[in-house]
Amino acid sequence: MWLRQLIILATTLLIAVMTQSAFLSRLGLPGATPDLILVSVLAVALAYGPAMGVVYGFSAGLLLDFSPSTQGVVGVNALLFMAAAFFAGRAINPRDRTVPLIIGLVAGTVAGVTLVRAVLDSLLGQPTVVWANVPELMLTGAIYAALLSPFVVMPLGWVVKKFTPEVAI
């Protein structure tokens with residue numbers, strides 16, 4: 001079971017990092033860059049539960065923190081992704097989940113992470129935070145997350161239930 005679970009998680013993280021780095025960050029879309037890695041963290045938390053989501057979020061956040069294109073203090077993304085995964089995994093009872101509710105949860109969580117990241121970066125003295133741009137980044141990040149979530153959350157949930165039904169929620 002754990003080997004299948006590890007393969008699913010590693011493949012998901014690899015696809016998310018490669019797609020975000022090689023494709024989404026170069027699209028030149030207005031506002032924020034679509035955060036596929038954070039959407040994949042939320043998808044894992046919704047499919048496996050908050051504990052596995054926190055572990056996946058920590059791994060994804062550290063991988064993002066150590067990537068050459070990331071600016072800021074190491075560990076902030078790991079901390080934010082862990083908190084987002086815990087929140088998303090515990091926010092909605094699995095029996096009460098509907099597609100619009102999941103899309104709204106993912107979009108709202110991405111907007112919240114953007115706001116908390118700006119606050120933490122300001123507290124840590126990062127000069128890259130422009131508070132006038134934060135509402136636009138929150139809105140566009142939420143829109144992009146809402147557009148990405150049907151292509152990430154639902155397929156990952158299907159894969160998890162198909163190949164690791166004993167641990168899927």
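**Helix packing and a salt bridge**

At 42% relative accessibility, E166 is partly exposed. The term covers what lies between buried (under 20% relative accessible area) and exposed (over 50%), using a 1.4 Å probe and protein chains only. This is a predicted model, where local features need pLDDT of at least 70 and side-chain atom pairs count only at pLDDT 80 or more, while totals for chains, interfaces and linings use all residues. Residues are numbered from 1 along each chain as its sequence is written, and side-chain values use heavy atoms, with hydrogens and water left out.

Stay with E166. Which side chain does E166 meet in a salt bridge? The partner is R4, at 3.0 Å from N to O. Helices here are DSSP runs (H or I, at least four residues; strands are E, at least two), numbered from the N terminus. R4 has 38% relative accessibility, so R4 is partly exposed too. How many salt bridges does the rule count? One. The rule asks for a side-chain nitrogen of Lys or Arg within 4 Å of a carboxyl oxygen of Asp or Glu.

Now look at M1. You find M1 in the segment before α1. M1 is partly exposed, at 45% relative accessibility. Skip the neighbours within four places in sequence, and M1 is in contact with T164, E166 and V167. Contact means heavy atoms within 4.5 Å. Compare G104: its C-alpha atom is 31 Å from that of M1, and the two are 103 residues apart along the chain.

Next, helix packing. Take helix α4 (residues 76-91) and helix α5 (residues 99-123). Their axes are 10 Å apart, at an angle of about 150 degrees. Axes are lines fitted to C-alpha atoms, for helices over the stretch in contact, and angles run from 0 to 180 degrees between N-to-C directions. α4 and α5 are therefore roughly antiparallel. Who makes the contact? From α4 come V76, N77, L80, F81, A84, F87, A88 and A91. From α5 come L105, T109, V113, V116, R117, L120 and D121. By class, that gives eleven nonpolar, two polar and two charged residues. Ala, Val, Leu, Ile, Met, Phe, Trp, Tyr, Cys and Pro count as nonpolar, Asp, Glu, Lys and Arg as charged, and the others, Gly among them, as polar.

Pick out N77 of helix α4. Is N77 buried or exposed? Buried, at 7% relative accessibility. Beyond residues up to four places away in sequence, N77 touches G61, L64, D65, T70 and R117.

Helix α2 (residues 36-48) packs with α4 at about 40 degrees, axes 8 Å apart. That makes the two oblique. The scale: under 35 degrees is roughly parallel, over 145 roughly antiparallel, 65 to 115 roughly perpendicular, and the rest oblique. α2 brings I37, L38, V41, L42, A45 and L46. They meet F81, A84, A85, A88 and G89 in α4. By class, this contact has ten nonpolar residues, one polar and no charged.

Last stop: L156, in helix α6. At 8% relative accessibility, L156 is buried. L156 touches I8, T12, A43 and V44, leaving out residues up to four places away in sequence. From L156 to P100 is 17 Å, C-alpha to C-alpha, and 56 residues in sequence.
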